[in-house]
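Visitor: Could you walk me through this one? I'd like to start with the overall fold and then look at some details.

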Amino acid sequence: MLSNYWGEFLGLAVIHFLAVVAPGPDFAVTIRQSVRFGCWAGICTAVGIGAGISIHVIYTLVGVSALMHATPWLMEVAKLVGAIYIAWLGIKFIRSKPANLDTLEGEGISLASQSRWKAFLMGFMTNALNPKATLFFLAVFTTVVSSNTPILIQVFYGLWMCVVNAVWFVLVSIIFSNALIRNKFIQKGYWFERVMGIVLIGFAVRLLFLSI
């Protein structure tokens, strides 16, 4: 069954991965947790971030499903808005500048140690309460995923994104537990982000033409 949706899945997976690896709140929190509290705190935070994605997946699937049945024309508007949002995200990435390392120390708790549950909760809340994640999931599920895609396949997409988020930030935690590697990446990582912005704009242009 999934074999019939490989093209759609690949498009969704690429857009999602580009958004995940781009430095943002989840990225900053994972780095800070790893550096201040150690690798295990960072890993638990990463798992929490992956779990937080499930909140967006659930309400997006339910909301989009109701929207498709009630007002089909509004779905077309949502697709257009979603494509514009992805383009805006790409432009934002292209305009990325070198980050100030001091900004990573401006949030969070200041304890010398932290339980794994608290680390998990910090990651979960950081993602679940991020309004930009809401817009991103609405954009992806209304522009990339067809209205004819079975709900079970869409659930699989959601689970995939949860796992990818968790795995990526676990890797980030392991890598950035080393402060030297962390500093070097943040100083030069904005060039990588600019390249990802160009790719996202390419996706947005394609989606806009498909919506017309």
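Visitor: Before that, what sort of model is it?

Guide: This is a predicted model, and everything I describe is computed from it.

Visitor: Fine. How many helices and strands does the protein chain have?

Guide: The secondary structure of the protein chain comes to 8 helices and 0 strands, so that, read from one end of the sequence to the other, the pattern is α-α-α-α-α-α-α-α.

Visitor: And what share of the residues counts as buried?

Guide: Of the 212 residues in the protein chain, 43% count as buried. As for the contacts with a separation of 6 or more, 89% of them are accounted for by residues 24 or more positions apart.

Visitor: Let's get to the helix packing. At what angle do H1 and H7 pack?

Guide: Helix H1, residues 6-21, and helix H7, residues 151-176, pack at an angle of about 30 degrees, and their axes are 10 Å apart. The crossing in which H1 passes H7 is right-handed.

Visitor: Which residues make that contact?

Guide: On the H1 side the contact is made by Glu8, Phe9, Leu12, Ala13, His16, Phe17, Val20 and Val21, while H7 contributes Phe156, Tyr157, Trp160, Met161, Val164, Asn165, Trp168 and Phe169. Divided by class, the residues of this contact of H1 with H7 come to 13 nonpolar, 2 polar and 1 charged.

Visitor: Now H2 and H5: roughly parallel or antiparallel?

Guide: Helix H2, residues 25-37, packs with helix H5, residues 116-128, at an angle of about 165 degrees, with 9 Å between their axes. That angle makes H2 roughly antiparallel to H5, because anything over 145 degrees counts as roughly antiparallel.

Visitor: What's the handedness there, and who is in contact?

Guide: The crossing of H2 and H5 is right-handed. The contact is made by Pro25, Asp26, Val29 and Gln33 from H2, together with Ala119, Met122, Thr126 and Asn127 from H5. In terms of class, the contact of H2 with H5 has 4 nonpolar, 3 polar and 1 charged residues.

Visitor: Switching to the rings. How many aromatic pairs are there?

Guide: The structure holds 9 aromatic pairs. In one of them, Trp6 and Phe9, the ring centres are 5.7 Å apart and the planes stand at 70 degrees, so the pair is edge-to-face.

Visitor: Where do those two sit, and are they buried or exposed?

Guide: Both Trp6 and Phe9 lie in helix H1, 3 residues apart, which is about one turn of the helix. Trp6 counts as partly exposed at 47% relative accessibility, whereas Phe9 is buried with a relative accessible area of 8%.

Visitor: What does Phe9 form with Tyr157?

Guide: Phe9 and Tyr157 form an aromatic pair that is stacked, with 5.9 Å from centre to centre and 20 degrees between the planes. Since Phe9 lies in helix H1 and Tyr157 in helix H7, the pair ties together parts that are 148 residues apart in sequence. Tyr157 is itself buried, with a relative accessible area of 0%.

Visitor: Which residues do the ring pairs link into a cluster?

Guide: The ring pairs link Trp6, Phe9, Phe156, Tyr157 and Trp160 into a cluster.

Visitor: Last one: what about Gly202?

Guide: Gly202 lies in helix H8, which covers residues 179-211, and is partly exposed, with a relative accessible area of 40%.

Methods: Residues numbered from 1 in each chain as written. Predicted model: local features only at pLDDT ≥ 70, side-chain atom pairs only at ≥ 80, totals over all residues. Heavy atoms only, no water. Axes fitted to C-alpha atoms, helices over the stretch in contact; angles between N-to-C directions. Helix = DSSP H or I, 4+ residues; strand = E, 2+ residues; numbered from the N terminus. Left-handed = near helix turned anticlockwise from the far one by under 90°. Contact = heavy atoms within 4.5 Å. Nonpolar A, V, L, I, M, F, W, Y, C, P; charged D, E, K, R; others polar. Parallel < 35°, antiparallel > 145°, perpendicular 65-115°, else oblique. Phe/Tyr/Trp six-rings, centres within 6.5 Å; stacked < 30°, edge-to-face > 60°. Buried < 20%, exposed > 50% of the residue type's maximum accessible area, 1.4 Å probe, protein only.
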